[in-house]
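Reader: Can you walk me through the charged pairs in this one? Keep it short, please.

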Amino acid sequence: MGTQLTSASAIGYGITPQITVTAVLPGTIGSGSLPETRMAGGGEWGANASWRFLHSVTSVGKRLESTASLGLVVPGPQSDSGVLAGLHRAPGVAATIASGLASRSQYVWLGGGYTRFAEAHHDRRPDTDSRNAASGYRPAWLRRGVDQWDYRGFAELTGEHTGGVLSGGTMIPNSTSTTLWLGPSVLAIFKDVAIEGGVQGPLYRDVSTAI
């Protein structure tokens, strides 16, 4: 199967308090026969617009939020590996939605997404259905004023299922995968700037062996 390490950098800008645009630039090290995440293989560069359509303050320091996003993903500059290496590449569309409850100390988020690629010369990269859950905590000693960096930590759980790979108009047998990932992340905020970083490792893998 091989081993891959995927990293991604996301840069976003808030046009308004409700609208944000984001660019995602991933990269990979190593090679595997099947993509275990949407950004595996050569990695798809992406750009999306997010709309926070719900922002409800339930009590002092507590709020409910829901955000939907729609974006374009395009093949990155790195070559694909494994079963994807010989495919003609085409762009795709990614949609996500997430809802959560946030307070001064606790955060809980649930989300889901779907990515669909276009067909090129009877080839198509696999669709991806993803689910995400995150729980965060902001300890009292890290709750600082607006003139200092403010920190919070998260545990994030991500599940993904990739569909079959289409090659030459035929679905490749045993080319699906289902994976579950877990890892920590840290969010730092200073005034109107936010920086987040984290890492995830696999908890569960059900990866077919493509023929």
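Author: Let's start with one pair. Arg-124 forms a salt bridge with Glu-119, and their closest N and O atoms are 3.5 Å apart. A salt bridge here is a side-chain nitrogen of Lys or Arg within 4 Å of a carboxyl oxygen of Asp or Glu.

Reader: Is Arg-124 buried or exposed?

Author: Arg-124 counts as buried, at 14% relative accessibility. Glu-119 is partly exposed, at 43%. Buried means under 20% relative accessible area, exposed over 50%, and partly exposed in between (1.4 Å probe, protein chains only).

Reader: What kind of model is this?

Author: This is a predicted model: local features need pLDDT of at least 70, side-chain atom pairs count only at pLDDT 80 or more, and totals for chains, interfaces and linings use all residues. Residues are numbered from 1 along each chain as its sequence is written, and side-chain values use heavy atoms, leaving out hydrogens and water.

Reader: How many salt bridges are there?

Author: The count is eight.

Reader: Which residues are linked in a network?

Author: Arg-52, Arg-63 and Glu-65 are linked in a network of salt bridges. Within it, Glu-65 and Arg-63 meet at 2.7 Å, N to O. Glu-65 is buried at 9%, whereas Arg-63 is partly exposed at 29%.

Reader: New topic. What does Asp-127 form a salt bridge with?

Author: Its partner is Arg-116, with the closest N and O atoms 2.6 Å apart.

Reader: And is Asp-127 buried or exposed?

Author: Asp-127 is buried, at 13%. Arg-116 counts as partly exposed, at 39%.

Reader: Why can such side chains pair?

Author: Side chains of opposite charge can pair when their charged atoms come close.
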